[in-house]
Amino acid sequence: MGKLVICDHPLIQHKLTFIRDVRTNTKEFREHVDEVATLMAYEITRDIPLETITVQTPVAETQSKVISGRMLGLIPILRAGLGMLEGVLKLLPAAKVGHVGLFRDPETLQPVEYYIKLPTDVQERELIVIDPMLATGGSAIAAITSLKNRGCTQIKMMNLIAAPEGVAAVQAAHPDVDIYVAALDDHLNEHGYIVPGLGDAGDRLYGTK
């Protein structure tokens, strides 16, 4: 079973409070989401392997650590996932970026893929699927399934806030995927919103209703 990691660093929790607050305007919301994404990128890359190389300091030659050639890919789910992308790229500027676009069919309520564009070497990369909210888990499951259908095997999930129902759904569908969240909230309401949550992340990022 993939692990659930709650990124409980004090800076993440502090900024998450302002992201939740209904009084936070669009500009501030974007800035806080960007900052939390950067901090979460620090946590999600904690287990990247290192190798030792020789470098010359101004004083002496020494053995030092560098990342061991691990290739990363970032896969934001459109549109809200874009709000976290730049924050992650601040720490991982060499990562390649793919996009998955999904919408919910109004009759079946199931996610439908309308767009996908991935790096040509995506199968060789460790991928981080990015979406602010993990509510029912439908979009996350569909995005991960789409990546696996294209030969991807190394996948992690990054969310600001998750509901227990969404975590359980993703773990059942994709037990090999680790999930990183800033907070695990209480439950989903009858409209599929996370409680207490932060509202609709896409609307708050882009000022739409």
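1. How many residues lie between β6 and β7 in their hairpin, and which residue in the turn has a positive phi? The hairpin of β6 and β7 has six residues between its strands, and L109 in the turn has a positive phi of about 65°.

2. The model is predicted, with local features needing pLDDT of at least 70 and side-chain atom pairs counting only at pLDDT 80 or more, whereas totals for chains, interfaces and linings use all residues. Residues are numbered from 1 along each chain as its sequence is written, and side-chain values use heavy atoms, with hydrogens and water left out.

3. Strand β6 (residues 99-104) and strand β7 (residues 111-117) run antiparallel and are joined by six bridges, where pairing requires that DSSP finds at least two bridges between two strands. Within this pair, F103 stands opposite V112 of β7.

4. The protein chain holds six helices and 13 strands, these being DSSP runs numbered from the N terminus (helices H or I, at least four residues; strands E, at least two).

5. Helix α1 (residues 10-20) packs against helix α2 (residues 26-44) at an angle of about 155°, and their axes are 9 Å apart; axes are lines fitted to C-alpha atoms, for helices over the stretch in contact, and angles run from 0 to 180 degrees between N-to-C directions. The two helices are therefore roughly antiparallel (angles under 35 degrees count as roughly parallel, over 145 as roughly antiparallel, 65 to 115 as roughly perpendicular and the rest as oblique).

6. Along its principal axes, the C-alpha trace of the protein chain spans about 65 × 40 × 30 Å.
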